[in-house]
Amino acid sequence: MEIQGATVLLTGANGGLGLAIARAFKARGANLIITGRRPDALEPVAAELGAEAIIADLSDRDQLEDLITRAGKVDVLVANAALPSSGELLEYTEEQIDRALDVNLRAPIMLSRRLAPAMVEAGRGHLVLIGSISGKATSAASSLYNATKFGLRGFALGFREDLHGSGVGVSIVQPGFVRDAGMFADTGSPVPGGFRTVSPEQVAKATIEAVTKNRAETNVAPLEMRVLSAIAGQFPAFSARVQRRSLKEGAMDQFLEAQKSKR
Ligand SMILES: NC(=O)c1ccc[n+]([C@@H]2O[C@H](COP(=O)([O-])OP(=O)(O)OC[C@H]3O[C@@H](n4cnc5c(N)ncnc54)[C@H](OP(=O)(O)O)[C@@H]3O)[C@@H](O)[C@H]2O)c1
């Protein structure tokens, strides 16, 4: 669908990728409604982009409801906000597990459920869910993140079929490791396994194209990661063996430690 003049609701807009996505939609002439938890981080972005800012904690059901009401009719949803949810599950409290599921999976599903009817009625709209290559391939110390991102991929592709022919598209955009900004870059960690990275702008471009070209699934990652994640999807036990052998001891320690505060 055409982005010029469309109303776009973007979650996690002050985050590393969110900011790049917001700027890309603004450059295409979208009217932006942006959301995040922290007013001090969100308001400068709203001022830069002439966007409406709505503060909402997506793990709080009342605040999610308030966001949906205040956003009103939107043409495009970009469900981008997420928690890193990294580390071993046995270290997680029940409350932390609930928060990861609520922010990464329940909120995008509920936003889609609640915003799609008006799009279907108009015969025009698009839902973009920002997933991850971790929605295709598992890795150690990622079970919760894997669960939410595999779930998001299943939801996006399934709901896309429900809406087929309605004029409303659904896309999943799945980045690999992103440099310069975002939940991985913020840790300052080297990339485990020495994989190449992508930029926030590449993710933003893919998000725009998901809408304009009605893409089902886009993997924003270097070729080797796209190939390996496809193999891992088919042969998970083989992939796990390869990862166990090839990842150096402690390769993930720095980013796992840095992301602990975001549980
Ligand atoms: N960065 C990567 O390497 C990478 C790779 C693959 C996929 N992804 C995906 O890309 C998306 C964006 O990630 P990012 O790297 O930009 O992450 P980020 O920099 O950590 O930003 C996350 C955003 O989510 C928001 N958020 C977190 N918890 C929230 C809550 N309870 N309620 C409302 N908003 C909440 C944050 O808002 P506050 O700042 O207010 O907390 C922030 O705006 C995510 O879906 C992530 O899984 C990222």
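Biologist: What should I know about the model before reading it?

Modeller: It is predicted, so local features need pLDDT of at least 70, side-chain atom pairs count only at pLDDT 80 or more, and totals for chains, interfaces and linings use all residues. Residues are numbered from 1 along each chain as its sequence is written, and side-chain values use heavy atoms, with hydrogens and water left out.

Biologist: How are two packed helices described?

Modeller: By the angle between their axes and the distance between the axes. Axes are lines fitted to C-alpha atoms, for helices over the stretch in contact, and angles run from 0 to 180 degrees between N-to-C directions. Helices are DSSP runs (H or I, at least four residues), numbered from the N terminus. Take helix α1 (residues 16–27) and helix α2 (residues 39–49): the angle is about 20°, with the axes 11 Å apart.

Biologist: How are α1 and α2 oriented to each other?

Modeller: Angles under 35 degrees count as roughly parallel, over 145 as roughly antiparallel, 65 to 115 as roughly perpendicular and the rest as oblique. α1 and α2 are therefore roughly parallel.

Biologist: Which residues of α1 and α2 meet?

Modeller: Contact means heavy atoms within 4.5 Å. L19, A22, R23 and K26 in α1 meet V45, E48 and L49 in α2. That contact has four nonpolar, no polar and three charged residues. For the classes, Ala, Val, Leu, Ile, Met, Phe, Trp, Tyr, Cys and Pro count as nonpolar, Asp, Glu, Lys and Arg as charged, and the others, Gly among them, as polar.

Biologist: What is the geometry of α1 and α6?

Modeller: The axes of α1 and helix α6 (residues 200–212) come within 8 Å and cross at roughly 50°. The pair is therefore oblique. The α1 side of the contact includes G16, L17 and A20; the α6 side includes P200, E201 and V203. By class, there are 10 nonpolar, two polar and one charged residues.

Biologist: And α4 with α5?

Modeller: Helix α4 (residues 94–122) and helix α5 (residues 143–162) have axes that come within 9 Å and cross at roughly 10°. That makes α4 roughly parallel to α5. Their contact holds 12 nonpolar, four polar and no charged residues.

Biologist: How many residues surround the ligand?

Modeller: A residue is near a molecule if one of its heavy atoms lies within 4 Å of it. Here 29 residues surround the ligand, and the closest are R37, R38, N80, Y145 and M183.

Biologist: Which polar atom of R37 lies 2.6 Å from a ligand oxygen, backbone or side-chain?

Modeller: A side-chain one. At G16, a backbone N or O atom lies 3.0 Å from a ligand oxygen.

Methods:
Helix = DSSP H or I, 4+ residues; strand = E, 2+ residues; numbered from the N terminus. Polar contact = N/O pair within 3.5 Å; in protein donor to acceptor, adjacent residues only side chain to side chain.
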